[in-house]
Amino acid sequence: MNRRFLRHSIAFLAFGTAAQAQPAVPNPFGPGEAWGRLPAGRSWGSTSAIYPHRDEHGRFTGRIWVAERCAGSNCRNSELDPVLLFEPDGTLIRSFGSGMFIWPHGIHADHEGNLWVADAVHTDCKTGGEDGRGHQVHKFSPDGELLLSLGTAGVPGESETAFSCPSDVVVARNGDIFVGDGHNHGHGGNNRIVKFRSEGTFIESWGTAGSGSGQFSGIHALAVDSQDRLFVGDRANQRIQIFSTDGTHLATWTQFGSPSGIFIDEDDTLYVADSDSGFDPDRSGQPRNPGFARGIYIGDARTGVVRAFIPDPRPDLSRVTSGAEGVAFSGGSVFGAQVGGSRGVLRYPGPE
């Protein structure tokens, strides 16, 4: 992608309160095109997890990891592999994870090339998983070998050893692990960040339900920038909260909509997928997060300036969620993991 364009494009401007108004920033990307070829006879399921592959030195390779929900809305009764690795052109390289997940939700490739996947269960997070699955975060080698599991398989909780629907995971450069715990319908889950050492030893947790600084309502995405600041997608509060790695609150940003997915690249460009704004929950004509459009917001992780916006291809106010929940950037293109329908991943090509 043309980095100069993003550096010099116009800054974020306030825009009107009409539902689904588009931000007054440019869209330098082409239309979304279907990406990622699955084996014959297999279709995409609901997809929210996407992340660029890293090699053992922490460098992005151009390959793309995706976790999808076994050609449906979950993996409960499926023998399909939900974790997929693709070449940049969308050719499938390998897959794994059959029988391990109920509802794969968040994904992250760490600086040693390992892959982490969160299993959020999807149903009421106070209930157990099924068949020893759910309420966990798993670490894999690039070849699919299970290296570590956090949480207690199939058992919900709010302790050092138990999660309730963990939504996402991210690993800092020093190896510290952060888990966003509490994806739950109605956002009444744990609403906490849980921190572990690289080998899985619990360090601390912070956060409660609420709208104040350091409180959360529906943690949905995590990312770490070059300064090792932790970005938390506090979706139902329609904001990103930024913390130091010891849990100190540093900033709150509302200019990126309702964050379902967050990705920060090596240049500290921030990509935020908003699949939630604009939905009218009670058909009253009052949309969720009025004045913000669904789509992918692109800006500066250092300053918070929004520089570009890719509109959601299906901004239907009647849909609870649509478009991309997961987002990644690789090889000059933005990739959106589509949670609605069976559209899998859309690739938005950048300017030449």
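I count Ala, Val, Leu, Ile, Met, Phe, Trp, Tyr, Cys and Pro as nonpolar, Asp, Glu, Lys and Arg as charged, and the others, Gly among them, as polar. The model is predicted, so I take local features at pLDDT of at least 70 and side-chain atom pairs at pLDDT 80 or more, while totals for chains, interfaces and linings use all residues. Residues are numbered from 1 along each chain as its sequence is written, and side-chain values use heavy atoms, with hydrogens and water left out.

**Entry: second largest pocket**

I looked up the second largest pocket and noted about 360 Å³ of space in it. The residues lining this pocket number 38, and the closest to its centre are Tyr51, His108, Leu222, Ile262 and Phe263. The elements that give two or more residues to the lining are β2 (47–54), β6 (104–109), β10 (166–171), β16 (219–224), β20 (261–264) and β24 (324–330). By class, the lining divides into 17 nonpolar, twelve polar and nine charged residues.

For the search, a pocket is an open set of points on a 1 Å grid over the protein atoms alone, where a 1.4 Å probe fits, with protein on both sides within 12 Å along at least five of seven lines; a lining residue has an atom within 4 Å of a point. Grid points are joined across faces, edges and corners, and the volume is the space filled by probe spheres set on the points. Strands here are DSSP runs of E, at least two residues long, numbered from the N terminus.

**Entry: His220**

I placed His220 in strand β16. His220 counts as buried because its relative accessibility is 3%; the cut-offs are under 20% relative accessible area for buried, over 50% for exposed and partly exposed in between, with a 1.4 Å probe and protein chains only.

I then turned to β18, residues 239–243, where five of five residues are buried.

Strand β17 (residues 230–234) runs antiparallel to β18 and is joined to it by five bridges; I call two strands paired if DSSP finds at least two bridges between them. Val232 has Gln241 of β18 as its bridge partner. The two strands form a hairpin with four residues between them, and Gln238 in the turn has a positive phi of about 55°.

With strand β19 (residues 249–253), β18 pairs in the antiparallel sense over four bridges. Here Ile242 has Ala251 of β19 as its bridge partner. This is also a hairpin, with five residues between β18 and β19, and Gly247 in the turn has a positive phi of about 95°.

**Entry: hairpin β12–β13**

I found four bridges between strand β12 (residues 192–196) and strand β13 (residues 202–206), in the antiparallel sense. Val194 is bridged to Ser205 in β13. Five residues lie between the strands of this hairpin, and Gly200 in the turn has a positive phi of about 105°.

**Entry: aromatic pairs**

I counted 20 aromatic pairs, taking rings of Phe, Tyr and Trp (its six-membered ring) with centres within 6.5 Å; planes under 30 degrees apart count as stacked, over 60 as edge-to-face and the rest as tilted. Phe178 and Trp206 are edge-to-face, because their ring planes stand at 70°, with the centres 6.4 Å apart. Phe178 is in strand β11 (residues 177–181) and Trp206 in strand β13, 28 residues apart, and the pair links distant parts of the chain. Phe178 is buried at a relative accessible area of 0%, and Trp206 is buried at 11%.

Tyr271 and Phe329 are stacked, at 5.1 Å centre to centre and 15° between the planes. Tyr271 lies in strand β21 (residues 269–274) and Phe329 in strand β24, so this pair ties together parts 58 residues apart in sequence. Both Tyr271 and Phe329 are buried. I also noted one aromatic cluster formed by Tyr51, Phe60, Phe263, Tyr271 and Phe329.

**Entry: disulfide**

I found one disulfide, using a limit of 2.5 Å between cysteine sulfur atoms. The disulfide joins Cys70 to Cys75, S to S 2.1 Å. The torsion about this S-S bond is about 95°, so the disulfide is right-handed. Cys70 is buried at 7% relative accessibility, and Cys75 is buried at 2%.
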